[in-house]
Amino acid sequence: LEKLNIGAKGIVLVIDENDKLIGTITDGDVRRAILGGVSIENRVNGIVHKNPVCVEEGADREKIKDIFIRKAIKQLPVVNKKGVVVDLISINDILIPKGKEHPVIIMAGGLGTRLKDLTKEVPKPMLKVGQDPILYHIINNFKRYGYNKIIMTVNYKANIIENYFQDGYAYGVKISYIRENERLGTAGGIKLAKDYLNKPFFVINGDIFTNLNVDNMMQYHLKNTFDLTVAVRQYSYEIPYGVIEIDGNNNVVNINEKPEIEYLISGGIYCLNPEVIELIPDGEYYEITDLINSCVNKGLKVGYYEIKEYWMDIGKLEDYYKVND
């Protein structure tokens, strides 16, 4: 029962002292056994399904799919040539497209205090844009380009996010959750996900609404061999006054009425190489800006990728209403 609870797959595999597969037990098997009078002190020998359907490591994806359909099963143990268990795959792993290998971390643990009453009952990433939460739009845009391995870092009202998206299969993606027991900033949570990250990966803030072609960004990151790539956006700011230009002798040489200044601002979307994670301290509040500066100071290659598509950072009330309009 403990193993069923920890695994959260509804099934456990029974193995011998050499890790060879003996059989399987599902939560339904345990339930029926207890209802039939079997004590939880009993050994599992009496309820194990011996010689279960399994597949050998390296089997073709179509062959595995055919076994699932013909045998009408939901889980399939994977063994090597010696019969030793190496994996367990579910029908959802096969029915959902394999997707691209680069994971996506969505930072969904923020408090959203600038949105005031809107985030008292729900976390900011769950506020609706149109009919669906912001998170849905983020996930859907990555899925559109073939990125379906999603990792969400959650903290504030995490249960609302987890209950809504669950394992992600209903949305055509695979979602894993990283719970921040304390707020760790926009980069601190990345360190908690390091075991999932052995390929270049995305990081995106949970309040970004965009239709950015994320595949173009990742390919740009890889082609230029950057260690970290920042998605940037052109931002214009009009100074509402006449700006005076002077020379070294206190003379006015020009006045520019209400000039516009252009900046490149961070778009809250990043591509990172796994090696960069080592620069993030353990268990400390750490912002992505700290990580970028650390990379620059260490002499790592930091690039930028300009967002040409629609983009909105839903940080303030007026931004939220604007993106809905």
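## A strand residue to start with

T24 sits in strand β2, which covers residues 21-26; strands here are DSSP runs of E with at least two residues, helices are runs of H or I with at least four, and both are numbered from the N terminus. At 9% relative accessibility, T24 counts as buried (buried means under 20% relative accessible area, exposed over 50%, and partly exposed in between, with a 1.4 Å probe and protein chains only). Leaving out residues up to four places away in sequence, T24 touches I11, V12, L13, D29, V48, H49, P52 and P77, where contact means heavy atoms within 4.5 Å.

A word on the model itself: it is predicted, so local features need pLDDT of at least 70 and side-chain atom pairs count only at pLDDT 80 or more, while totals for chains, interfaces and linings use all residues. Residues are numbered from 1 along each chain as its sequence is written, and side-chain values use heavy atoms, with hydrogens and water left out.

## The chain as a whole

The protein chain has ten helices and 19 strands. Its radius of gyration is 25 Å, whereas a compact globule of 325 residues would come in near 20 Å (taken over C-alpha atoms, with the globule rule being 2.2 Å times the number of residues to the power 0.38). The C-alpha trace spans about 95 × 45 × 35 Å along its principal axes.

As for burial, 41% of the 325 residues count as buried. The chain exposes about 18,700 Å², and carbon and sulfur atoms supply 48% of that (areas come from the Shrake-Rupley method with a 1.4 Å probe; for residues, only the protein chains shown count as cover). Take the contacts between residues at least 6 apart in sequence, and 67% of them join residues at least 24 apart.

## Helix α6 and its buried side

Helix α6 runs over residues 158-165, and its buried residues are A158, I161, E162 and F165. They cover an arc of only 95 degrees around the axis, so they lie on the same side of α6 (the arc is that of the directions from the helix axis to the C-beta atoms). The general rule is that an α-helix has 3.6 residues a turn, so residues three or four places apart point the same way.

What do those buried residues of α6 pack against? The partners are α5 (134-144), β10 (149-154) and β11 (174-179). Just after α6, Q166 takes a positive phi of about 50 degrees.

Helix α7 (residues 185-192) is largely enclosed by the rest of the structure, because six of its eight residues are buried. Those buried in α7 are G185, A187, G188, G189, I190 and K191. They pack against β7 (104-107), β10, β12 (201-205) and α9.

Now for I277, in the loop between β17 (260-272) and α9 (288-297). I277 is buried, with a relative accessible area of 3%. Not counting residues up to four places away in sequence, I277 touches I190, K191, K194, L197 and F201.

## E56, partly exposed

E56 belongs to strand β4 (residues 55-56). It counts as partly exposed, at 39% relative accessibility. Setting aside neighbours within four places in sequence, E56 is in contact with V78, V79, N80 and K81. E56 and I73 are 17 residues apart in sequence and 16 Å apart in space, C-alpha to C-alpha.
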